Amino acid sequence: MKRISKLCLGFLAFGLILSCAQTPQRLELHPIYTMSRGIPEGPGIPLSVAEGFDAEKVEASTVRVVYGKSSSPIIGSGFFVANDKIATNIHMLADADLASLHVRTANAEHAIRGVTAFDANNDLVILEITGEGVPLILGDSDAVSSGETVFCTGYIGHPIDKFNALENTVLPGRLSGGWLRVTPTILPGNSGGPVVDAEGKVIGINVAGSGSTIGYAIGSNVLKELLKQVGPVEPLDQWRKRDTIRAYTYLVKASSEFYDADYAAAIDAIDKFIALIPTYANMDGKYNNRGHARTLLGHSKFEKDAAAAGQEDYRAAIQDLDKAIRLNPEDVAAYVNRGFAKTVYGHSEWVSGHAAAAQRYYRAAIEDYDKAINSDPAFLAYTERGAVKVSLGISATHQGQLRAAERHYYAAIADFDEATSINRNDTYAYIIRGYAKILLGDYESDNGDIADARKLYKSAIKDSDSAIASDFQTVYGYHIRGIANAALDDYGSAIEDFDKTVSLKPDFARAYYNRALVKVSLGKRSAAKADFKKAKELDSDVAK
């Protein structure tokens with residue numbers, strides 16, 4: 001194996017120096033935050049009904065709330081709270097097509113006569129329908145204990161359209177207004193469906209989910225108070241003209257814009273929602289959402305070389321997340337999102353040459369991830385904390401503190417080990433763990449321990465293999481495997497990996513550049529020249 005020299009690193013841009021002929025050539029990995037972090041999706045939706053409660057009774061009282069084209073309807077859930085009345089979420093109705101909106105029971109479809117009560121602060125509405133059903137018994141949500149097993153039920157959306165019951169565990173800490181947190185998440189289409197205990201009593205109403213990790217339910221005691229206010233029927237079209245109901249159209253818009261990566265539009269929609277319902281029960285969640293959107297908006301600006309504007313958004317994001325945590329000190333997602341905001345703020349300081357400031361933000365991010373892990377070890381924070389520890393290792397490397405860097409890398413690997421034990425489909429954790437192993441391999445190589453270096457590079461390849469097995473289109477999994485193969489002098493495999501990388505991401509300048517370097521090593525200078533040219537066309541700074 002040719003000697004691999006010291007890394008030349010930007011923020012999480014891990015470099016390997018490959019000695020080729022008489023001239024050392026450098027292969028560098030992409031920055032981690034060019035990747036979309038996403039949320040690990042796990043093994044998929046469990047299409048089954050959990051055991052441990054009277055599922056048939058709950059299913060018989062649970063309904064679908066349906067609108068849209070018959071070939072691709074929008075489906076949510078609800079359940080009977082009186083013979084001719086159902087409870088569901090306001091957000092299911094705020095933007096629905098009224099012409100096609102109806103309720104479907106197991107045996108028939110029924111029109112909605114109108115609204116008899118609603119709680120805009122808690123996303124709850126009682127509808128009177130033309131059909132009848134058996135109401136479920138409401139339990140006491142205040143008596144539900146952390147660690148208790150509950151069942152989040154409802155109908156999974158089109159095209160599956162089946163009743164499903166997922167076994168969940170109540171997490172510590174209540175959100176504002178008595179909302180419950182459960183893990184794993186609420187499934188698509190289950191919004192408005194009942195959350196029941198082992199006796200089949202309703203202790204919550206499904207309202208939202210966070211990726212595949214956390215679900216949120218409105219406490220049944222909130223519903224009990226609303227049922228005391230049931231009055232005459234108000235037509236849906238009239239009800240939807242209320243400002244507090246119109247606010248929910250902004251909430252739906254915010255979600256849509258966020259997933260379309262239009263973060264500025266998502267922030268604007270959340271602003272309008274907050275202005276219309278300033279007393280919303282889960283306001284910490286809205287500050288959390290807006291803060292995370294501001295972080296991503298700032299990052300997009302920073303990536304476009306608008307550093308000052310990006311940092312302004314980071315500061316605003318941290319302020320929003322501070323508010324969320326003040327409102328609810330047990331909101332795990334807010335700690336994770338604030339940690340992420342501090343991480344990318346640290347990244348911006350690092351790239352700007354402010355190493356000390358970057359380290360302060362990295363350490364502050366780790367404190368937030370520590371709090372999240374202490375509250376809920378199953379949440380995302382192990383992977384995020386590991387990534388920041390790698391950042392600290394890189395910073396220590398640049399300051400010549402190589403032993404400190406080594407400690408950070410091993411601590412990061414321990415976090416990734418925890419993350420992959422919790423979710424073996426966490427592609428991001430496998431890839432960054434591979435990064436850390438390459439960094440350590442380079443350290444061992446520089447110290448003359450080639451055997452240990454090779455073990456680390458081979459282990460990095462295994463991590464890339466795991467990432468690719470989890471997501472065969474993971475561009476960065478192929479890219480890091482190419483780097484590790486090159487480090488082991490397996491240039492043929494490295495080129496195959498870089499070929500796959502650019503086929504999946506044709507604008508990936510670093511992959512073209514790295515493939516060119518390997519081609520130089522193989523004496524294919526003409527082919528290398530074409531790759532160098534393409535890389536520079538895509539990124540004029542790629543060789544820096």
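**Notes on the predicted model**

1. Strand 7 (residues 102-104) and strand 8 run antiparallel and are joined by two bridges. Keep in mind as you read that this is a predicted model.

2. That pair belongs to an open sheet of seven strands, with antiparallel pairing and the order 8-7-4-5-6-10-9. Strand 8 (109-110) and strand 9 (112-119) each have a single partner strand and stand at the edges, so one side of each has no neighbour in the sheet.

3. Now look inside the sheet, at strands 5 and 6. A hairpin of two residues links strand 5 to strand 6, and the two strands pair in the antiparallel sense over three bridges. If you want a residue pair to look for, F80 has I86 as its bridge partner in strand 6.

4. On to strand 10, which is joined to strand 6 by four bridges, again running antiparallel. Here K85 stands opposite E128 in strand 10.

5. Which way do the residues of strand 6 point? K85 and A87 go one way, while I86 and T88 go the other. Side chains in a regular strand alternate between the two faces of the sheet. In strand 6, K85, A87, I86 and T88 are all buried.

6. The sheet also has a helix across it. Helix 2 (residues 220-227) lies across strand 5 (74-82), strand 6 (85-88), strand 9 and strand 10 (124-129). Its angle to strand 10 is about 55°.

7. Strand 12 (residues 163-170) is worth a stop for N168. Is N168 buried or exposed? With a relative accessible area of 0%, N168 is buried, because the cut-off for that is under 20%. Leaving aside residues up to four places away in sequence, N168 touches E148, T149, V150 and C152, and also V182, T183, P184 and T185.

8. Next, helix 9 (residues 355-375). Its 21 residues should span 30 Å at 1.5 Å a residue, and the end C-alpha atoms are 31 Å apart, which agrees. The buried residues in helix 9 include A357, A358, Q359, Y362, I366 and Y369. What do the buried residues of helix 9 pack against? They pack against helix 8 (332-351) and helix 10 (381-398).

9. R363 is also in helix 9, but R363 counts as partly exposed, at 44% relative accessibility. From R363 to T343 is 20 residues in sequence, and their C-alpha atoms are 8.8 Å apart in space.

10. Of its 18 residues, 16 are buried, so helix 10 is largely enclosed by the rest of the structure. Helix 10 reaches 26 Å from first C-alpha to last, close to the 26 Å expected at 1.5 Å a residue. Just after helix 10 comes G400, with a positive phi of about 80°.

11. Finally, the whole chain. How many helices and strands does the chain have? There are 17 helices and 16 strands. Of the 544 residues in the chain, 58% are buried. Take the contacts between residues at least 6 apart in sequence: 63% of these join residues at least 24 apart. The accessible surface of the chain is about 22000 Å², with 49% of that belonging to carbon and sulfur atoms.

Conventions. Residues are numbered from 1 along each chain as its sequence is written. This is a predicted model: local features need pLDDT of at least 70, side-chain atom pairs count only at pLDDT 80 or more; totals for chains, interfaces and linings use all residues. Side-chain values use heavy atoms; hydrogens and water are left out. Buried means under 20% relative accessible area, exposed over 50%, partly exposed in between (1.4 Å probe, protein chains only). Contact means heavy atoms within 4.5 Å. The expected span of a helix is 1.5 Å times one less than its number of residues. Two strands pair if DSSP finds at least two bridges between them. Axes are lines fitted to C-alpha atoms, for helices over the stretch in contact, and angles run from 0 to 180 degrees between N-to-C directions. Accessible areas come from the Shrake-Rupley method with a 1.4 Å probe; for residues, only the protein chains shown count as cover.
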